[in-house]
Amino acid sequence: MTRALIADDEPHLAHYLRDQLLALWPDLDVVHIARNGVEAAARIAELEPDLAFLDIQMPGLNGLEVAQGIEGPTRVVFVTAFDEYALQAFEHAALDYVLKPVAAERLARTVARLRAAPAGVASDAAMAEALRRLMAQPGHTARTPLRYIRAGQGERTHHLDVAEVLFFQSDDKYTVVTGARGEYLIRTTIADLLAQLDPAQFWQVHRSTIVNLAWLDGTRRDDASRLFLRLRGHDAELPVSRAFVHLFKAM
Amino acid sequence: MQTKTTLRLAWRSLWELRRTHSVPTGVRLLAASLLAVALALGLMSTVAVFGHVDRPNWWMASLLPNIGICLCIVHTLLGTLRLAERLLPPALVERMSDVRDIRAGMALSALALFGIILGMTIGFTIVPILVGFNVWGMFASLPAALTKFAVFLLFVMAANWAWWRSRLREQQLRQDALDARLRLLQGQIEPHLLFNTLANVQSLMDYDPPRAKRMLETFSAYLRAGMTQMRETDSTLGAELEMTRTYLALYQIRMEERLQFRIEAGEAALAARMPALMLQPLVENAIHYGLEPKLDGGSVLVSAQVEDGRLRVRVADDGMGLAAPSRRLRPGAGMAVANLRARLQTQFGTGASLSLEAADPGTRAVLDLPYRAGAGAVAGAGS
């Protein structure tokens, strides 16, 4: 039985989509309906459904951000009323999406496609690329990559060479910079950092994480085939979300 | 081709009062000198045809002094304009460049006339010394010279007038084009809103028919108010607020308890004239960037006051705030404010402003316009 989660900030829209899906796909099990992006992300991590129907515009985290944070095997289907640029990107990357208002015939085609073939590594890579393009902050195309970071630690500020940074991780309003000699807080968002850092050395591996490849020690795959990174000089492992797993396939 | 374009740009920049010019000084000096030579030749031809000159060798004897004098006049005139650009306060220079203002035209003409008279004085003093030709004597004694002077002044005035008219026309055309483009941009009901509303009605018909009905009614009211506003360029605050109210009501049906809103405006403010579709983009921003992405939502307060002959409209939300990273996918984020500022600039010059301030929490947009009373108060816009 296929298990699905639906996320939409307007619950009746989610319920309507569920009813339409069940009519076409009677043995689909809708395990949860989430009202915002934060709830959706938490429930996807907890329940690991096979499918997640994510409305793009949701409070908390938008649908794309939720997709970027999925670590497990959940396959994403985006739901939107109209987002011209997102739709172009989805078409281009051959990603699954559903349009609101729901048209039965169109939904039937999407369902047939979802039932026919599991999404492979290729579609993960396509999704990562589409998400990266859609979420890039405009006006931030740095010509020379960022080399130093000014970071706060209590009352003092530090001047950090990016080569000494193991990884960046977003934490609510701040970004935590984990360096070889301690942790620092900066206000720059992950998206802004990504646009400024050297893409050959720094990889985004999760919605909230950018790692410095120079410090990469190795990877581990768990029973549920989730991928984790080990960094030199850091004890805890970092999860890699589904959309970025393909980056490590060739290594 | 390139030279031609540069010269044409130089020609235009000669007559524009602006602090900085894009065309190099050398090219502009060349254009001015060419103008002086053309002017001298034109004047002499006029006198030759109409002036009844009976002295022999008149043409050859007068050519050089005439060119010299015209060079003096043109360069002094342009020098005066350039000096004015530098010495006058920038705000005044800005006002004098406004071709739609007749006072600006008169001030500029006076400045030009002063430059011409000064240039003639300098020319008539220097040139005789240089070429050993007594122009003053000739000027005083010959009716031809007097005719020349009169023709010259007439020519300058005619040229000035023609130039003024052409610039006015050009500016008018540019303004029309801009207006048309903006109307086109504004004329689009946001597709996302349209499809989302339809999706809402589709699902509510099964689960909550009364709410589906309310949604359709509110959406119709919004469309009607919007369509009316889109045909207008000059509207009233009352009509603007009516459109805003239906828009917020529509979002309230969707966001339920996540959105509260209030609209406050007195009678005088409601009747105030203002450009159409100025308020709507500010309220859309408050919803899209402020409240929609926020988990708990929040409130929007739209208020308008008339103070000291100004109409001030405030749109305040307690949402994500200006510092929050933009999570919207729709391009045109931030374009709305730039568009509004461009419209204010073309219509009011420096007489109106739109400011965005960080409130704690949220964002406050303040629209500051000259107050113009409308024909009558528009009823039914309060809420």
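Me: Which residue follows α13(B), with its positive phi?
Reply: First off, this is a predicted model, where local features need pLDDT of at least 70, side-chain atom pairs count only at pLDDT 80 or more, and totals for chains, interfaces and linings use all residues. Residues are numbered from 1 along each chain as its sequence is written, with chains lettered from A and ligands numbered from 1 in the order in which they are written. Helices (H or I, at least four residues) and strands (E, at least two) are DSSP runs, numbered from the N terminus. With a phi near 65 degrees, the residue after α13(B) is G349(B).

Me: How far apart are the end C-alpha atoms of α13(B)?
Reply: Helix α13 of chain B covers residues 335-348, 14 residues at 1.5 Å each (the expected span takes 1.5 Å times one less than the number of residues). That should give 20 Å, and the ends agree: they are 20 Å apart.

Me: Over in chain A, which are the edge strands of the open sheet?
Reply: Five strands line up as β2-β1-β3-β4-β5, with parallel pairing (at least two DSSP bridges between two strands). Each edge strand pairs on one side only, and those are β2 (28-34) and β5 (97-99) of chain A.
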